[in-house]
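Please look over the structure below.

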Amino acid sequence: MDLPGADATHEGSPVLSLPEVRLTGEQIDLLREHGEVRPTVAGEVLFAEGDRGYDFIVILAGQVAIVDHQAGTERELASGGPGEFLAELNLLTGERLFTTAVVTEPGAVLAVPVTGLHAVIGQDQGLGQWIIRTLFARRQWLAQMQTGLRIVGSRSSPQTRRLLEFAVRNRLPHVWLDTDTDPAADAVLAHHHTPASETPVVVMRGGELLRQPSNAELARAAGIGTGPVAGMTYDVAIIGAGPAGLAAAVYGASEGLATALVDGLAVGGQIGTTSRIENYLGFPVGITGDEFAQRAYIQVLRFGASVVLPATATGLSGDAATRVIHLDTGDRLTAHSVIIATGVTYRTIDAAGLDRFGGLGVFYSPLGVDDEIHPGDPVVIVGGGNSAGQAAIWLADRGHRVTIAVRGTDLAEHMSRYLTDRIAGRPDIEVRYHSAVRDLDGSQWLERVEVEDLTSGTREALPAAALVVLVGAEPHTEWLTGSVLLDDGGYLVTGSALGPDTRHRSPWTGRDHDPYLLETSAPGVFAVGDVRSGSVKRAAAAVGEGSIAVRFVSEYLGRRAGFAASTPARQPS
């Protein structure tokens, strides 16, 4: 068995095309410039589960086994020989390791520190792209092999559901052991001498046990996110890690600005919950929201931005010189400028039983649905936008019978043509127009939903193991009330929409320019993406606004410091 690579299959043991998996002599020579050769002996541990960092390791001679341990039992996952490398996505994200590498035949390895790997990626784009593609494939393979942390708890526990959501949204390989139905849960609890009354618990790789952890405690244990650096004033603080915030963080950090990116749950925002995006420029066969978010996250880290996670902004104070963002963690993050990219939050529907089945069949994203229900189980989706269409196709492709309930008369009213055409050709997807879900029912898990025909008033019970609610969202701006101008819908007003005489009103009095295109009523505070009044609700538009905002931030910081000329630069339209 060999190490999984970019062409690995994810069914059982990996099957590889070895010439494509192994590094060439020329590639090894390039890596050698940034690392050191070390002899190895049988039984030597090159890295271990739970470690918080390791080197990119190329096997020069000998053999290395990749293993993991659970409840005292060792399992061999893969093995590698000369020319193969030992690394997984956590090498770039900083997460704690999920596996252990043990030398089985003595030889030698080339150890390249992460900084050296980044240098190599910058020198040879082809090699860099291949390495990153392989790291993504290995992360998927690890999830398929059920490595990663163990979440042990009852499906009826809100705490368990919270931890599962956090793990899914942060793309942490994990296995859920349901104390209500899974005998393995009892075995794990017995091994750790923990009664069921203390669940949910999380068993980290390396054996560390977290009892009823908060999201922040799990994040720190897993090695993701951080808190704001004490005493530091950032050049720009970006609130929200969706496409707009991620783009701003990449461009800000790459231009040398001290950048902090803040999010209350996970990097990716709503796009991270999208099953597949097929109309994003540059991805002709589409890209999953999960991969989009993960790739952007790696870029953010590569350029040195601080990712403050999980932390939710609760208030904004300060003045044009220094803004203070108040966080629900009790921390205060200070910055000379702020980019608000908080996006929107999911809307719910008025249906009896909705709260009862939260996490027990009711979802606000298709991600995770397939893992929670049985193959072939029916699914009902509420919503008529692109997210609903993408979810329907994704779930139908996995063998589920899908019903879309929509209030309107035509999917084309809010859904892209490529999606409506695909749905029309799928016998396993039914669209019910003029329909609304009114009631949910089941014993412990959702079993059926009652759908009303809004034209006739008649109701029908449909079998459903999952209800996916995708009916839009509303802006997350309640924490900004009184600090910046909002429109009637709660969205942030920016640029020319603030009015032609803004510079003559407080706090703009005496300034030599009108607000920038994406600047709010508070100087130095910008808004991008879905949270901005009048924005185009598309991922590509959000990414564009995030990058443009960094240009305005740079000009704003230059003006504030007195570095810019008195004549304002022409703003892009």
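## Burial and surface

A residue counts as buried when its relative accessible area is under 20%, and as exposed when that area is over 50%. In this predicted model, 53% of the 573 residues count as buried. The accessible surface comes to about 23,900 Å². Carbon and sulfur atoms supply 50% of that surface.

## Overall fold

The protein has 14 helices and 29 strands. Its C-alpha atoms fill a box of roughly 75 × 70 × 45 Å along the principal axes. The radius of gyration is 25 Å, which agrees with the value near 25 Å for a compact globule of 573 residues. Among contacts with a separation of 6 or more, 66% join residues 24 or more positions apart.

## Charges and salt bridges

There are 45 positive and 67 negative charges, and their mean positions are 5 Å apart. The structure holds 25 salt bridges. Glu49, Asp68, Arg75 and Arg205 are linked in a salt-bridge network.

Glu36 pairs with Arg38, with the closest N and O atoms 3.1 Å apart. Glu36 is partly exposed at 43% relative accessibility. Arg38 is partly exposed too, at 36%.

## Two bridges across the sequence

Glu198 and Arg211 meet in a salt bridge at 2.5 Å, N to O. Glu198 sits in the loop between helix 7 and strand 9, and Arg211 in strand 10, so the pair ties together parts 13 residues apart in sequence.

Asp397 bridges to Arg426 at 2.7 Å between the closest N and O atoms. Asp397 lies in helix 12 and Arg426 in the loop between helix 13 and strand 23, so this pair ties together parts 29 residues apart in sequence. Asp397 is partly exposed at 46%, whereas Arg426 counts as buried at 19%.

Definitions and conventions:
Residues are numbered from 1 along each chain as its sequence is written. This is a predicted model: local features need pLDDT of at least 70, side-chain atom pairs count only at pLDDT 80 or more; totals for chains, interfaces and linings use all residues. Side-chain values use heavy atoms; hydrogens and water are left out. Helices (H or I, at least four residues) and strands (E, at least two) are DSSP runs, numbered from the N terminus. The radius of gyration is taken over C-alpha atoms; the globule rule is 2.2 Å times the number of residues to the power 0.38. Buried means under 20% relative accessible area, exposed over 50%, partly exposed in between (1.4 Å probe, protein chains only). Contact means heavy atoms within 4.5 Å. Accessible areas come from the Shrake-Rupley method with a 1.4 Å probe; for residues, only the protein chains shown count as cover. Lys and Arg count as positive and Asp and Glu as negative; His and the chain ends are not counted. The place of a charge is taken as NZ of Lys, CZ of Arg, CG of Asp or CD of Glu. A salt bridge is a side-chain nitrogen of Lys or Arg within 4 Å of a carboxyl oxygen of Asp or Glu.
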